[in-house]
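Please take a look at the structure first.

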Amino acid sequence: MIKAILTDIEGTITRISFVKEILFPYAAARLPQFILDHQHDDSVAEQIDAVREELNNPEASIDAVIDVLLEWIATDKKITPLKQLQGLVWQFGYKNGDFTGHLYEDAYQFLTQQKAGGRDLYVYSSGSVKAQQLLFAYSDYGDIRSLFSDYFDTRIGAKQEVSAYQNIVTALPYEAEQILFLSDVVAELDAAKAAGMKTLQLFRDAQAISPEHPVISSFDHFDEGALL
């Protein structure tokens, strides 16, 4: 019996283009000045030091840090300090009303129904927990953070590594087989399945699919019986 749902965000409950066409360009345009203005703030300085650690260069200049961050954005690197800094920049954008957090209508309805039915909902995304919470706080449907019991990002582990899902299972009050993981990415689903979770792939943008996982194109087609 499924008692909890762990969901990816990008490509699963929100369209990939929202991140790639709105959030990433917004961060790329504003990140350099944001870092220059706030480099001595504790939350920003911590991430700048983490970037220098990634570069194995503790003396890297602030300009070098900014350059590599912009390179990571352009190549969609899943690197924790980048994700943390993007979240700080996006916070301004959400609060300023520059955009709202996109959610597929069928995803919003599904999550609401599952929560009402007594299942706990959790999020696991490569975006930082701050970025996740901002998307849900300023979503197309208002503040829906109350739907979710907890959030996980790459600090728990990389999304294509089995150990990350094992760590999540350890953190939750459920056995692995009681957790359903939702994603559009086969490698993530493979890792979750290897950790003992149930899996379901969302086929949204003509990405690769695998016979190893049940597949739906919309939550309107959700069939719990097919997962058991």
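The notes below cover a helix pair, then a sheet and the helices packed on it.

This is a predicted model, in which local features need pLDDT of at least 70 and side-chain atom pairs count only at pLDDT 80 or more, while totals for chains, interfaces and linings use all residues. Residues are numbered from 1 along each chain as its sequence is written, and side-chain values use heavy atoms, leaving out hydrogens and water. Helices (H or I, at least four residues) and strands (E, at least two) are DSSP runs, numbered from the N terminus.

**The helix pair**
- Helix H1 (residues 16-38) packs with helix H4 (residues 80-95) at an angle of about 100 degrees, their axes being 9 Å apart; axes are lines fitted to C-alpha atoms, for helices over the stretch in contact, and angles run from 0 to 180 degrees between N-to-C directions.
- H1 and H4 are therefore roughly perpendicular (65 to 115 degrees).

- Six strands form an open sheet in the order S3-S2-S1-S4-S5-S6, with parallel pairing (at least two DSSP bridges between two strands).
- Its edges are S3 (148-152) and S6 (215-216), each pairing on one side only.
- S5 (residues 198-202) is joined to S6 by two bridges, and leucine 202 stands opposite isoleucine 216 in S6.

**Helices on the sheet**
- Helix H6 (residues 129-137) packs on the sheet, touching S2 (120-124) and S3, and its direction makes about 140 degrees with that of S3.
- Helix H8 (residues 186-194) lies across S4 (179-183) and S5, running at about 170 degrees to S5.

Technical notes:
Parallel < 35°, antiparallel > 145°, perpendicular 65-115°, else oblique. Contact = heavy atoms within 4.5 Å.
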